[in-house]
Structure formats: structure tokens, C-alpha cells
There are 4 protein chains.
Amino acid sequence: MVRAGIIGATGYAGAELVRLLLNHKDTEIRWYGSKSYIDKKYADVYGNMFRLVENVCRGDDLEELSKEADVIFTATPQGYLASILNEKILSRCRVIDLSADYRIKDVSVYEEWYKLEHKSPELIKEAVYGLCEINREKIKGARLIANPGCYTTCSILSIYPLLKEGLITKDSIIIDAKSGVSGAGRGAKVNNLYCEVNENMKAYGVLTHRHTPEIEEQLGYAAGKQMLINFTPHLVPMNRGILATEYATLVKKDGKLPTAADIRAAYEKYYKDEKFIRLLEDGVYPETRWVEGSNYVDIGFKIDERTGRVIMMGAIDNLVKGAAGQAVQNMNILFGFDEAMGLEIVPCFP
Amino acid sequence: MVRAGIIGATGYAGAELVRLLLNHKDTEIRWYGSKSYIDKKYADVYGNMFRLVENVCRGDDLEELSKEADVIFTATPQGYLASILNEKILSRCRVIDLSADYRIKDVSVYEEWYKLEHKSPELIKEAVYGLCEINREKIKGARLIANPGCYTTCSILSIYPLLKEGLITKDSIIIDAKSGVSGAGRGAKVNNLYCEVNENMKAYGVLTHRHTPEIEEQLGYAAGKQMLINFTPHLVPMNRGILATEYATLVKKDGKLPTAADIRAAYEKYYKDEKFIRLLEDGVYPETRWVEGSNYVDIGFKIDERTGRVIMMGAIDNLVKGAAGQAVQNMNILFGFDEAMGLEIVPCFP
Amino acid sequence: MVRAGIIGATGYAGAELVRLLLNHKDTEIRWYGSKSYIDKKYADVYGNMFRLVENVCRGDDLEELSKEADVIFTATPQGYLASILNEKILSRCRVIDLSADYRIKDVSVYEEWYKLEHKSPELIKEAVYGLCEINREKIKGARLIANPGCYTTCSILSIYPLLKEGLITKDSIIIDAKSGVSGAGRGAKVNNLYCEVNENMKAYGVLTHRHTPEIEEQLGYAAGKQMLINFTPHLVPMNRGILATEYATLVKKDGKLPTAADIRAAYEKYYKDEKFIRLLEDGVYPETRWVEGSNYVDIGFKIDERTGRVIMMGAIDNLVKGAAGQAVQNMNILFGFDEAMGLEIVPCFP
Amino acid sequence: MVRAGIIGATGYAGAELVRLLLNHKDTEIRWYGSKSYIDKKYADVYGNMFRLVENVCRGDDLEELSKEADVIFTATPQGYLASILNEKILSRCRVIDLSADYRIKDVSVYEEWYKLEHKSPELIKEAVYGLCEINREKIKGARLIANPGCYTTCSILSIYPLLKEGLITKDSIIIDAKSGVSGAGRGAKVNNLYCEVNENMKAYGVLTHRHTPEIEEQLGYAAGKQMLINFTPHLVPMNRGILATEYATLVKKDGKLPTAADIRAAYEKYYKDEKFIRLLEDGVYPETRWVEGSNYVDIGFKIDERTGRVIMMGAIDNLVKGAAGQAVQNMNILFGFDEAMGLEIVPCFP
């Protein structure tokens, strides 16, 4: 039985970890960490857990927790984990970080976009970017996993094969992404009040969203060179789900555009055995409702012969494949479990 | 041109006052009072007002405001107005209070339900309860109007005629009310976050909601004796609207229940000339969508021959007839304008 | 492996059966029946099932199906099953009917409320009303289960113990219920369009809703006499969930009202070992979000000393405990499985 | 008093025309045309109109209507008006068509995208494309106005000045648009049911949406040459509102990108006196909530120095500026009224 601890268990991503780990037959949650609700019953914070979780919230003493756990999940504010993580902790247990602290290899890029000083840059190098379908082998031996961002997961997985196979030009990528509100977290802010979000659609973080450099770095590995993309996130009045609509210029070969079969072949080359990636049939496009509650990434595409572009689309549940689900998938890889253990969830509709 | 000031102009009720008064041809808003956004452009807080309101938010100096205004609207936290209102201010201008400070005549009842000490109980007596359709004549000469609560307006208006005419028993009244989220105000609270409210239905304030004594007092005037009712408010995932479903036992006459015609006659006796009360046709029941954005109260009813009860229903827009619209209606009465001035709004659907 | 067939697999209740049965380790769905989508891939109708269900929809030949299945679930329009069910089919396999055809023992009551002639009244007698927590023993040997309605399940379970224990008067019960929109089914009707339902709250089926006689019959068994209740359903802009708020007059004993402890004891007498019924702590009231996706019934209550009434409240997911979940629970009882098999679902929030 | 008739008065655009024209002091609606609800009271179809509209729905006899009206609004299915409009009708009264029948000058393009044969191609030439801010002068003398599409209005107005001033390249335009559900009309379709749309985000009509050629034609006039764009519409779970996020490559001058001031100057050149176009301040981006219920177009932009692109954004209420509001604006121009008459609506939030 793997003993797990969660720091940040009362945020939405932390709560989703609880939901998933309760379904994981080889894991036991030992520590429900929450600064704001310390000593309060977890089920008093999340009523869905009534009679399912009897534990009381504990604090964020990572040192102490590392003695009781085999794996620690941190769903904490940016900069927090970097300020307390150390070799001793890593020597005792695996850490899967849902914050961005160890996602970006170039610490100056991190500090510029996050407006924070990184307190443990020496650990960045060993951290493995936990995008399971791309980095599975590297994840296996890791001590520290940088669990990818929600927009990032959706964007990279739907673009990666085409870029890697040279089917699209690297300078033409535009990502127009739409997210449900749970991505904004459970903090009490006027902007996230029901009446502010409901019956509204808006872009936010225009040109400044912190997932931009993360996407650029990862896609850069696929392209073999530095990338510059446009990424515009939007807030949608729904609880869960990310839909990314992506535009890129196709590379002609012998004066001809790639065909739909070429595109499909590229996706299949990388994903045909992937349990959690569903490449949709021609003419079918991803919808967030079809992945809700599950770890699936649905991917679709369409070639525009008129403009020479391809439209790629991806849909995920931001709290599952975009956060807690992928974290559990990483745990499964780390501990040698079946990668889908605890994640074989049929999407829930309506 | 009536000069108006609003204290609490950046809450939802205050913002609705702005929307309505901008449409009122004989009023000019001179003071946008907001403690939280002082010196900030009002249109930076409410983007809908961009290019419509150039003013900057001012504070809550009621004394100063009373020199510049003919009428002051206060949409402030409970207890606030009671703590600063005085004879000098009232001698200078009319005050229409959207808080509950002067709604309840018995100060001990107020203090018990609101858990507050009332700081100006001497002013309660002269305050007129601004339920326009019931208290129109008293409103005319008033200096201080206690603008009714949202649930209260909807509940009283849909029950009043039947109680007054003795068609229902006074001890049998149960009000099951449902409200959109704007009624909870614009404060940054976890409970009112989008993801907490969306896809959820709950009762709240069970047996403790402060509109209970207000409803009981007003219905008590109709019944001619003290009332005890059950009032249960619920939160509905929508922005605006209150629906009240009310149950009461019918009084038999000569062993017979009143007929639908009897009930209809009672409503018509009080409301047949009321512009803002729409008594629906038989078999039609109120829906909040049909009153959205408007000052209407839609009322319907159904007799249950089997149980001897009548089901009464009322629907209003909580921010209009339940707050700002009724406040403007009160202003119109106070200043001798056409009572509907600025309020002839066609409900907006969908 | 139990072989299951579903008639009406493309409605919302049918689709929820599919979701749940895919998670049931001892069941295999052999037949996806759907008149409207015959010969179409099931996953083309419900995109969440892509790569999870490869089957093509079949028709509604119950005779044929009864040869291939051990259990048949029917989620069909009222009157349909009654018109085709017969002894031969029942002799071959168990039938769990999610429609109302066999719920009401008095065929004249059925025909009056449903405006239908019942085509197989001779089968009504043997049908067992599948409210698992109340009728568990009777269910065990049954061939034909009348799976309860959604409002009914929620209402009965939250009222039953108090009525059975004589704590409330039988003539005073008022049920004010609120439902998400999936309860209205997947038929293409203007009334259920997004823009008609969204941002709206309304009562419907006032005094005519067909769950009324079903609730009265079942509560009548608890009371030991015929019941007349008021039941008013409302439509709430959310996908799933039923909240029932119920009012009843408490029975005084020696001039005293029952205490909260008395009420709690009554609920615990019947439910303390029930896995799917969660009696909430004092001061906590049911919210639909806490049961979403799960088979739980959350129950809370509050005594009003002022009016002598008790307010009872229940919340369920209408598609799970209110339909497909209870159907699976019935199947588990019928086939001797652990009653919770396939239903140990952690509610999904947000 | 202008006498107006509406064909298609019971669709959402038609109903919005009714809402707006009831507020228009110099217009009287004489004809509520609705094939589906003929002889039914209009207020029975739209409950918000109870006591505001006493009329009964009439049919679609355009000939007859043309004798009773000065202006006819047609909010009818594609191809319908083209099949019945003729010289006689146009000689009697002005026609403002909210369908697409006369929007596209090249009849073959119309027939290709709409898959319809155009039955009155001879009238296309004289039809004026009623995008008021661009074509005001041409509208003045017109007999037949082709009222623009909702996506089109939002997209063109937010791109036009930059294209016209040569600040962006014509081949680089990508429009990623998001719409509320009322744009899909009031037809009873499974796809538009509440549970199908709610808690979901999807693209639709990918590469095939009929507003594409309309946008291309109109932007082509600005560019002075034929355009090819990418246009991807998305469905958002909200009633009203369109948000268009548009990407284009900036044209360098002397090796330098245009500045924000350059972009702003371009917008102001065309719009500085436009009442209904609000160019937002730097760093502020359009949100649909701020225009709800009103005729405003909110426009914002941001230059990306890194990629050399500009992101343009526009927000409108699809039923007002995207349909009925612009139709009334066209009527005002046609009849010499103040262009804003009946349209001076403060956006309603929340």
C-alpha cells in the first residue's frame, strides 16, 4: 500500500486528488494538508466526502510528512514548494508537484513569467516534466515530478505529433484556449464569483499567461528549436473542461498540402497505444462534456485547403488529465502500477 | 432635475440603481459612493458603464452628500445607516434605505434577528415601509423609506390579498423561496464562487433568515394579528430572480372551499390597477425569466381540492422589484413623478 | 457474468445505466436498445463512450432480448413496457423497469394520473417496488422490479422514518421539490432548450405531477392509512440533482414537541446501516453538489419550535439513486451481489 | 408613426425585435408573423410580453403585410424571403432582412455555402449590406437591407480599420469566435437542449460556417482584394453574447511594428464618433457581460511584440447588435430618425 500525502488538499486540484486516490486500490491517503482548514474535518470542507473521509486537516510540514509518506502531492501556490523542498525530503519519498515550480528548465524564464525568485534552482535539473505520454521513460526513475499545467497538457498533446513530424511550421502556431472556472482555484476573489463569471465570456491573461513559456519549452523539444507561440486563454461559464483550438500553417511537400491521412498517421504514430488519448474520427471534434470526470484527452483536426492551415483541437478535464489525474498517472508510473489504475473512469454525462 | 446620491453604488443593488437612474429622465446621479473603490472610476468597476458614467467613486460621507442631493439611496451593510443617520440629514433630503435598518418596527425583533444593536431607534417610527402597492399613501409624505427586502416583496405581494380577505388561515403559511445568486451580493466569499454555486441547489439560512420577521410583521398587518410562518430560502444557479412558492390552508365557508374565481377576485381587488403586478391567467404560473430586468411581480395560484390548500406563487427580479426598481418607484412617489418613470422596461428574454 | 440488456439505452437514464454497468465487474451489457438510433454506433450518440463501447444500437424486441439476457432494464416511455411484457419474458429473465408502469398497485390510480390504459394489469401485483432500503427483502425473490421515480425516491426516503414512527401528522406533509433538467429526458422539446431553462426557475406540473400518487401510496404504507400530500416540482438550471424540501407538523407528546435527538433516532432506526443514506450532522443540510454522480441520499432536518413543524430535506442525483443507480442496486440484490457493487462512486465536485 | 411588421416574430431574433420596438417611440408593431403559432396570443408564446402585447400571431403573407406596413422585418429561415420577395412589395415598403438571403453579392457563393438555389437573384444587387457604421450612407436610400450576421458584425467591426489602414496582412487573419446559445435559434433540436449545451464547450461548423464568405466579402472591400480567412465558431453555455478573438500578422513599416498608438489611431479614425462602438482602454479586453442587452460593440486589442501579431477582440450581444438592434438601427437610418432611437439601453449586469 503506497502511503500518500497531499499538501493543498482543500483546493480544487487537491480535492480531485482525494476523489481519485479514494478509488485507487493500492494507495492510502495519510495526510490531508491544508493551511486554511487545519484541525478541521476534511469532510466539513468538502461535503461529498462525508462518511468517506474521516480525517482532519493537517498543516504543511513537508519534513514531517516525508517520514510518513511514500509519495507527496503538492497542490500549492507558485513558489511555495521551491521554498521548502530539499534533498532530505527527496531522499525519503517521491514528490509530485502540481504547481509550476519545477516545470521550466531555464530558471530565468520562470522568474520572469512568475515574478518570483526561485528558492531551489538546484533541483530543477533533476525534475522530470510529467507529461506521461511523452516522457514516460524518464518519469520511471524520477524523484521529483513537475506535473504539467492544464492548458499545457491539452495544447502540447494535440500539437506535438504534427510538429515533431514536421507537418506544421513552427512560427505559425496560435492556441486559442477555453477553460472552465475550476482552473481558477477556490480562492475567494470577486472575479470568480458566480455572477461575474456566469453569462459571460472573456479572454484573460492576454500575452501574459504563465502557461505560455511552458508550452513553448515543451513544443521546442518537439521542434528541435526555440518556439514562439500565441496563447490566449478564455474563461467559460462551466465548472470543468478545457478546449484548445489551435491553428498552424501546414508544410507543403512537393507543392502539396499534407492530407487528412497524413495528419492522422502522425497522431497515431505517437498515440495509437495510448489508453488516455482518443483520436476522434474524421469530422468529429472534441467537446469537453465527453471527457468530464475522466483522464481522457480527445483530439480532432481539420485541414483547410483554402488557407493551407490545419485546425487542431484538444479537450480535457482540467482537474483530471490537467491536474490530479495526470498526477496519479505519474504516481502509477513511478511505483510500477498499471498506468491506468484508479483512472479507469467512464466520463460522466450529462 | 432631482439630484440623487447612492451610498454603496458598487454592490449589485447599487449598480442596478445606476442602471435604472440613467434611464430616468428627471434624475441625475451626483454621487457614486463606494468605500472599497474610492477615487476609482465607476466604469472601471462596472464595465457596462464605460462611456455612460464618467464619475469617480466617492466615499460615504452622508452629511456632505446630504448637501448635494435631494434623495439618497443607501445600499449598505446592515446597521451602517442606523449608525450615521440623523435629523439634520433627514431635514435636508429624502433617504431611501435598501438595507433592513428601518424595516422592522419592534427594535428588539430587529436586534434579535440581526444580532446588532440599533443605533438610531428613534427614527424607526417615522420610517415608512416602502412596499409601494400596499403603502403608497404613507410613502407620499415620508422622509425616510425602508425599502423592502427581495424575498419579502415577492412573498408579501403574492400572499397579502388572500390573507387580508380571510381566504387562508394565518397559521398555515409556508413559504419556500428560491433566489438567484445576485441576492448574495458582490462580496468575495468562497460560498458564492462560481464552482460552488453552479450545478448545485441548496437551502440556506434555514429558520434563521432575516427576512422572516419582516414578512411576519407585514403579513401581520394584513391578518390583524401576529403571524408565525415558515420561510425557507434556497440558492439557485442563476444570476437574477426570485420565485416564491407558498402554501396555505384555505378557509371554508359554509363547508365549501373558495373557488378559483374567489381567489382571483381577491387579488384583483387589490391589484387590478397596479401597473407592476401581473396576475397570470389560470393554469399559468410565474417564471423568473419572464420578469428579468423589469419591475414586474408575476403572480399565479392553484387550488388543491384534495388537500384544501392553495398554492400561491410569485416571481420578481430580485435586483429590480426586489431592490433598486422598488427604490426608484418609491422615489417617484416621493417626488410626485409618474410612478413608472424609468421603470417601463420590457423584460429581457432570453 | 450477468448478461444485461437495456431498452431505451440512448435516453439519459439509459446512458447512465451504461456508465454504471461498465463499472460493474460482474455484468456485461449485451444489448443497447434504442428505437431512434437503431444500427447507429452507440458511441456516436454518446461521445463519452468512444472507445469504451463498440456496440451498435439494436431495437426493442423484448422477446428476442429475453433469450440473450439475464436481466433487462427498461427505460422507456410510460405505457410501453406494460404493452409488451408477458409471462414468457418474465420466465426467462428478470426485468427492472425504470418507467412507472408497475409502480402503482391500484391500476385505476395509474390510469387516472397517466391518462393511459394499462395493458398488463395482471402483472402489477407481483411487481415489487424497488426502493431498496425499504423493500430489500421483497426485492430478493422478485421477477419484476418497479424502479421508483426520482422525486419519489428522494421524498419517501427523507420522510419515511418520521411518518412510520408517528412523529409527524399524516395530513400536514408538503413537498417542495427541485430538479435538474436531465430529469426531463432527452426529447427535443422547446421547453427544454438551453435558453428556455437557463437563467430561469419555475414550478411545473402543479398538482398534476405523476409522482404524487406514487409518493402517497408508499408513504401510505408507512402511515398505515391513505395519504394526501402536496407535491410541487420545480425546474432548476442544472444538469443533475434533486433537492426536496419537506414540511410537516410534529406530533406533540405530553404537550411537548419531539427533540432533534428524537428525530435523529427515528432516522437512525431505519438507516443506520444503510450504505447509501447519509444522515447529515445537525445544522448541515443537503446540497445536490455533494451527491453528484453517486448513489447517495443525503438527509437533513430542522425543527421549528415556533411553528411546531419539522423541515426535512433530501438530496440525490436524479440519474443515479433516482434512476440508474437504484436500478443497479436492485440488480445487485436480485443476483446476490454485494449491494454496492459498481456503485461505490465518490461524488464528483465541482 | 412608422408601421412595422415582423415575419418570424416568435424566433429569438424576432422576439428581440419586439422588445426593442416596444421601446421605440415612433414605431408601432402591426403584424406579429409566426407560422408555428398562428392565431395564438403572442404573449402566450413569450410570457415576458404578458400585458404588453395583446396581439395574436398572424401568418407570413408578405403581400398582405406590405399593404399595412411601412417597414417589414424578416427573421426567417434561409431562402424563404428570397422565394417570396418581389418588386411590388419593395415598391410599397422597406424590407429589413435578418436572414442571409441578400447579404452575399455573388449568388454562386451564396448557393454554394447555403446549399440553396436563390429564387430572386435579381434583387441582390440593390440590397444594401446593413452594417450601419460602415455603410451608413448607402443605407439611407435603400429599399432592401441585408442585415448582417451576428458573428459577421462582431468580426468585421473589430478588424475593419486595421485592414483598411494596411496595418495587418490580409492572408493572416484567424477568427476564433464564441457564441451564446440563442444564436442557434428556438428550434427544438437535441443539440440545443439544456443538458447538451450546459457544462460543455465545443467548436462547430468547422470550416463550413456560413458566416465565413460573408466576412470574407466585407473584409475584402476593406482590403481591396479577395480574402481568405479562418473562422471557427464555438458554442458557449450562456444565453447571449459573442466574443471574437482575432489574430493577424502586423505589417512592419521601416522594419518596425506598428505601436499601440498606431492601432488605436486606426480604430479612432473610423469609430471615434460612433455611439455604439466602444474602443476600450489599453489593457482592457471585451467581455460579453458588459454589452448584454445593448447595441454596443466593445473592441480591444493587444500587440504581441514577440510574434509580430496583433490580437483583436470584439464583443456584442448577438441578439441586439448582432440581429434585432442593428435592424432597428437600420430602420432609424432609413426613416431619418435619430440613429440611436429605441437603442439607448444601458447594458444589464449581472
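This is a predicted model: local features need pLDDT of at least 70, side-chain atom pairs count only at pLDDT 80 or more; totals for chains, interfaces and linings use all residues.
**Buried cysteines and the B–D interface**

At 0% relative accessibility, Cys132(C) counts as buried. Cys132(C) takes part in no disulfide. Its nearest cysteine sulfur belongs to Cys154(C), 15 Å away. A disulfide needs two cysteine sulfur atoms within 2.5 Å.

Cys57(A) is in no disulfide either. Here the nearest cysteine sulfur lies in another chain: that of Cys195(B), 19 Å away.

The size of an interface is often given as the accessible area lost when the parts come together. Between chain B and chain D, about 3100 Å² is buried. Carbon and sulfur atoms give 56% of that area. In chain B, Phe50(B), Val346(B) and Pro350(B) lose the most area to chain D. Together they make up 22% of what that side buries.

The contact involves 38 residues of chain B and 38 residues of chain D. What kinds of residue does chain B bring to this side? They divide into 19 nonpolar, 6 polar and 13 charged. Even with those charged residues on the chain B side, the count between the two chains is 0 salt bridges. Polar contacts do cross the interface: 16 residue pairs, both partners at pLDDT 80 or more.

Which elements of chain B give two or more residues to this side? They are helix 1 (12-22), helix 2 (42-45) and strand 11 (277-279). Helix 1 of chain B gives the most, with 4 residues.

Key:
Residues are numbered from 1 along each chain as its sequence is written. Chains are lettered from A and ligands numbered from 1 in the order in which they are written. Side-chain values use heavy atoms; hydrogens and water are left out. Contact means heavy atoms within 4.5 Å. Buried area is the accessible area (1.4 Å probe) that two parts lose on being put together, summed over both. A salt bridge is a side-chain nitrogen of Lys or Arg within 4 Å of a carboxyl oxygen of Asp or Glu. A polar contact is a pair of N or O atoms within 3.5 Å; within protein, one must be able to donate a hydrogen and the other to accept it, and residues adjacent in sequence count only if both atoms are side-chain atoms. Ala, Val, Leu, Ile, Met, Phe, Trp, Tyr, Cys and Pro count as nonpolar, Asp, Glu, Lys and Arg as charged, and the others, Gly among them, as polar. Buried means under 20% relative accessible area, exposed over 50%, partly exposed in between (1.4 Å probe, protein chains only).
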